[in-house]
Amino acid sequence: MTNVSITGIKGMNDILPGEVEAWQFLESSARRVFAAFGYREIRVPVVEKTELFCRSIGETTDIVEKEMYTFADKGGTSMTMRPEGTAPVIRAFIEHKLHTLDPVSKLYYLGPMFRHERPQKGRYRQFHQIGAEVIGLDDPKIDAQVLAMLSHFFATVGIDGVTLQINSLGCPECRPAYRQALLDFLQARLGQLCADCQRRAATNPLRALDCKVPGCIEATAGAPAVIEHLCTGCDLHFEAVRSHLTELEVPYTVNPRMVRGLDYYTKTTFEMVTDRLGAQSAVAAGGRYDRLVADLGGPPLPGIGFAMGEERLALLLGARDDASPRPALFIATLGVEAERFGFRLLTRLQRQGIYAEMEYAGKSLKAQLRRADKLGARRVLILGGDELARGIAQLRDMAAGTQEEVPLTELDARLGLVVCD
RNA sequence: GUGGGUGUAGCUCAGCCGGUAGAGCACUGGAUUGUGGCUCCAGGUGUCGAGGGUUCGAACCCCUUCACUCACCCCA
């Protein structure tokens with residue numbers, strides 16, 4: 001209201017008490033699930049040299065072309081707030097030669113990412129991802145295992161209504177031929193395509209397959225699919241992934257039109273999609289990147305990974321029961337003496353890990369009880385001048401509405417306090 | 001970057017055809033000078049998002065601007 005107050009930055013949100021519990025639940029669930037599959041956490045900086053993202057994500061992607069928070073530091077180096085997590089993780093992997101410790105690295109990370117886009121539902125400028133990467137294996141079994149883990153995570157946190165879609169993008173061997181086939185197909189129907197798709201035909205023909213304009217969906221209905229143009233190696237790999245998914249009873253559908261926004265993907269790609277997020281459909285996405293480690297100057301190791309959007313997960317989790325903590329004891333006092341006694345007792349309880357509250361503003365007993373009720377306190381200790389004089393306190397059970405007199409000498413035992421302080 | 005919607009009390013919102021604001025919830029106090037929930041009573045701060053214009057008079061009409069929001073593009 002006051003026009004002088006400082007507000008937060010557009011698209012960068014505060015996560016308040018009441019919301020943060022869902023985030024903690026998602027993060028602890030992810031840690032537990034990932035640990036069981038052998039992943040270890042890695043923490044990397046939020047800022048990297050700009051070049052890292054240009055080289056990994058691709059110079060001509062939207063992310064690199066117009067969505068990065070890039071600035072020059074005081075030495076003049078171009079720095080960028082990370083728009084995704086895989087590139088920094090691979091950079092760290094290479095820099096610390098993690099492949100010399102173990103031929104296979106399974107890593108996970110979580111934290112904020114930054115993209116300068118126009119915010120909307122499920123899409124923010126600072127958003128948070130939970131991601132995992134496996135480096136050093138190209139066996140289709142690991143593709144299936146990654147998907148099994150992802151799918152299990154959703155089951156664990158209780159998010160349903162999501163579907164796993166998979167596709168294969170081929171490799172540098174089979175992709176050029178496919179790209180040409182698609183290009184020929186689109187060129188022949190250019191007139192039927194929307195303006196955006198006509199542009200895409202020139203820049204990124206795969207995107208035309210993803211267009212939502214009815215005319216384009218119709219025009220591209222018979223377009224060649226990547227998975228029909230895979231080379232033998234990629235085809236065998238994809239078939240093996242599929243059969244392993246069936247063995248592991250991971251439900252999935254093949255979406256031959258699935259497209260990636262980052263250039264480094266090869267072979268298997270996948271998304272966890274939903275129709276409950278407004279215009280956003282992907283809650284998690286990832287794929288194989290068999291060239292990336294080498295492209296960034298590391299050993300020629302294959303990799304596969306995914307990232308989940310934490311805001312999107314939280315939206316799907318929906319409003320959960322308010323888990324605000326309830327005090328085990330509320331201390332209500334009347335008079336200076338009693339207040340002093342109560343304040344000491346309060347601190348002793350808190351030091352022993354027992355959540356206790358009291359009123360600090362010297363209000364009426366009625367007001368104190370009202371606050372105790374609002375906080376959901378299970379019991380209230382009532383201490384007035386009368387009680388102090390008699391060496392007792394009233395211990396009230398809020399749910400039952402009953403109370404009893406407890407001698408002060410027995411108070412510690414009744415409140416579960418260890419006797420020596 | 002482009003388009004739509006919405007801005008009125010702490011929150012959710014009402015406010016007709018222009019006559020300078022209301023309800024519910026929440027909060028505080030009281031009914032009960034020391035006993036919560038239920039009930040009843042009382043209590044109010046709004047620069048009506050901001051700036052300008054039309055008018056005797058604007059929350060309402062016009063213009064501009066900002067914020068939020070949804071969607072396009074694109075993506076987790």
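How far does a polar side-chain atom of K10 lie from a phosphate oxygen of RNA strand B? In this predicted model, the separation between that side-chain atom of K10 and the phosphate oxygen is 3.0 Å.

| Residue | Atom of RNA strand B | Distance |
|---|---|---|
| K10 | phosphate oxygen | 3.0 Å |

Several elements give two or more residues to the surface near RNA strand B, namely helix 3 (62-67), strand 6 (126-135), helix 7 (195-203), strand 10 (280-288), helix 13 (365-375) and helix 14 (385-390). Helix 13 provides the largest share of this surface, with seven residues. There are 47 residues around RNA strand B, of which R123, R200, R207, G261 and M398 come nearest. On the RNA side, 50% of the atoms within 4 Å of the protein belong to sugar or phosphate, while the rest belong to bases.

A further feature of the model is the packing of two helices. Helix 2 (residues 50-57) and helix 4 (residues 86-95) meet at an angle of about 105°, and their axes are 10 Å apart. Because of that angle, helix 2 is roughly perpendicular to helix 4. Helix 2 contributes L52, F53 and S56 to the contact, whereas helix 4 contributes A87, P88 and R91. Classed by type, the residues in this contact are four nonpolar, one polar and one charged.

Key:
Residues numbered from 1 in each chain as written. Chains lettered and ligands numbered in written order. Predicted model: local features only at pLDDT ≥ 70, side-chain atom pairs only at ≥ 80, totals over all residues. Heavy atoms only, no water. Near = heavy atom within 4 Å. Polar contact = N/O pair within 3.5 Å; in protein donor to acceptor, adjacent residues only side chain to side chain. Helix = DSSP H or I, 4+ residues; strand = E, 2+ residues; numbered from the N terminus. Axes fitted to C-alpha atoms, helices over the stretch in contact; angles between N-to-C directions. Parallel < 35°, antiparallel > 145°, perpendicular 65-115°, else oblique. Contact = heavy atoms within 4.5 Å. Nonpolar A, V, L, I, M, F, W, Y, C, P; charged D, E, K, R; others polar.
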